[in-house]
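Here is a structure to work through by question and answer. Take the chain and its fold in turn.

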Amino acid sequence: MRSDSVAQAAAYADNGQLQADLAAWVAFRTESQNPAQRDVLYKYLRSAILPRLQTNAFDGAIYDNPVAGGGPFLLAERIENPALPVVLIYGHGDVIWGQDDAWEAGLAPFELTERGAALFGRGAADNKVQHLINIAALEAVLAVQGRLGFNVKIVIEMSEEIGSPGLAEMMRSHRETLQADVLIASDGPRLEPDTPTMFMGSRGALNFDLVVDLREGAHHSGNWGGLLADPAVILTQALASICDARGQIKVPEWRPDSLTPEIRATLARLPETDSSDPNWGEAGLTPAERAFGWNSFAILAMSSGRPEAPVNAISGSARAHCQLRYVVGTDADDILPALRRHLAAAGFDQVEVREADSVPMRATRLDPEHPWVRFAEASIQRTTGKTPHVLPNLAGSLPNECFSDILGLPTIWIPHSYLGCNQHAPNEHVLKSICREGMQVMAGLFWDIGAGRPPRAL
């Protein structure tokens, strides 16, 4: 019976139905950054997702975002028996800008195109195919035995690409409704295309600006050079105090204490991480430890004067837009206060630290030895014959804290894309082979939850 569900899932990919369904979903121009597409965000949930869930005996509704400017949410549930385990599934239907003019000839962001081993389209990898696979895998189990053997709750948001505004508020206001035993969701990439990946959290992300604003307007560099302080020089010196010439962080509070021997042992089992700059980052750490177990500081943009048309003048101000990606073990509430203390101690009182408008995401991590992790890992291995790559957390950032911290759930993410998918860039695509194996992985896992003894019952 398990093999029948896995075969049913593979057939969904083999017979072209997955590709047809994905094409219909990609056609919705769900750009959450574009106010002109706001109605499409609702239409995606109303026309693509909700009817499909209702066909499979889900009760659901669409909710306005509690935060102004945010996209809608869909909450749905299928309760077979209140005594059964409950799995919460999450996905996001919004995408970034299509960037229509930048795609290769013959490709268009909102028209799914098959080219060799890949399917091209905006959202093909991030995140439409990922929640499509999970929903279709549930259907594969239902097609074989008519029941799941567990209860399912689903959250689909339409604002992830703008920082998930309103998601935390929705999880708080619907906390009782969304109680579950585990979150099983899909986003992000596999480490290698041919091997399933699991991760149990993500690095946090905090964006901020460093600003040196000394005076109104610019002053002639000949008449005033050597007399007026240069804000760009002050700013660059301040930035150099944050990390050294190889990018090693020098703010003491930004150096985490959570790279334990157990986490290092888990990371040592991963394939070698590509590092095109082996002498960049924290010395003494492997590339995997730098990406998944340590913090990284980045200057995303900086300006002073007019770089596109420089003149012989000392600018009155300078600005750098910066980001800290951080792991569990970093006090998120002390990141910016610690930076202010660091800059003051170094004599940079003229540098102002301003938190950016973007929604910060907090770091989360689940112990790789957690019973739900071991259960899912064993299920994937049973289905594929492969030992999955297990990450304590993703190197990127996701709104996982909404589920791990607010709902208090163990969180397991099983991605159905790969590192070269071009998400957030032109020519975004997903590999057909990963879609097929993803269908098998999820159908096998859902079967095992319904037919086996998941951790709640141990």
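A cavity here is a set of grid points where a 1.4 Å probe fits but cannot get out, and its volume is the space filled by probe spheres set on the points. The model is predicted.

Q: How much space lies in the largest cavity?
A: A search of the whole structure finds one cavity of 30 Å³ or more. The space in the largest cavity is about 30 Å³.

Q: Which element gives the largest share of the lining of the largest cavity?
A: The lining consists of R52, L53, N56, F58, I135, L138 and E139. Two elements give two or more residues to it, α3 (38–55) and α4 (128–145). The largest share, three residues, comes from α4.

Q: How many residues of that lining are nonpolar, and how many are polar or charged?
A: Leu, Ile and Phe count as nonpolar, while Glu and Arg count as charged. The lining includes L53, F58, I135 and L138, as well as N56, R52 and E139. The division is four nonpolar, one polar and two charged.

Q: Which strands stand at the edges of the open sheet?
A: Four strands form this sheet, in the order β11-β13-β9-β14, with antiparallel pairing. Each edge strand has a single partner, so one side of it is left without a neighbour in the sheet. From one strand to the next, the twist averages 25 degrees. The edge strands are β11 (296–304) and β14 (352–355).

Q: Over how many bridges do β9 and β13 pair?
A: Strand β9 covers residues 204–213 and strand β13 covers residues 317–326. A205 stands opposite R325 in β13. The two strands pair in the antiparallel sense, and the number of bridges is ten.

Q: What angle does helix α10 make with β9?
A: Helix α7 (residues 231–242) packs on the sheet and touches β9, β11 and β13. Its direction makes about 15 degrees with that of β13. Helix α10 (residues 335–345) lies across β9, β13 and β14. The angle between α10 and β9 is about 35 degrees.

Q: Why is the pair of F150 and F446 tilted?
A: The search of the whole structure finds ten aromatic pairs. The ring centres of F150 and F446 are 6.0 Å apart. Planes under 30 degrees apart count as stacked and those over 60 as edge-to-face. The planes of F150 and F446 stand at 40 degrees, so the pair is tilted.

Q: How far apart in sequence are the parts that this pair ties together?
A: F150 lies in the loop between α4 and β6 (151–157). F446 lies in helix α13 (residues 432–451). The pair therefore ties together parts whose separation in sequence is 296 residues.

Terms used:
Residues numbered from 1 in each chain as written. Predicted model: local features only at pLDDT ≥ 70, side-chain atom pairs only at ≥ 80, totals over all residues. Heavy atoms only, no water. 1 Å grid on protein atoms, 1.4 Å probe; cavity = no way out; pocket = protein on both sides within 12 Å on 5 of 7 lines; lining within 4 Å. Pairing = 2+ DSSP bridges. Axes fitted to C-alpha atoms, helices over the stretch in contact; angles between N-to-C directions. Contact = heavy atoms within 4.5 Å. Phe/Tyr/Trp six-rings, centres within 6.5 Å; stacked < 30°, edge-to-face > 60°.
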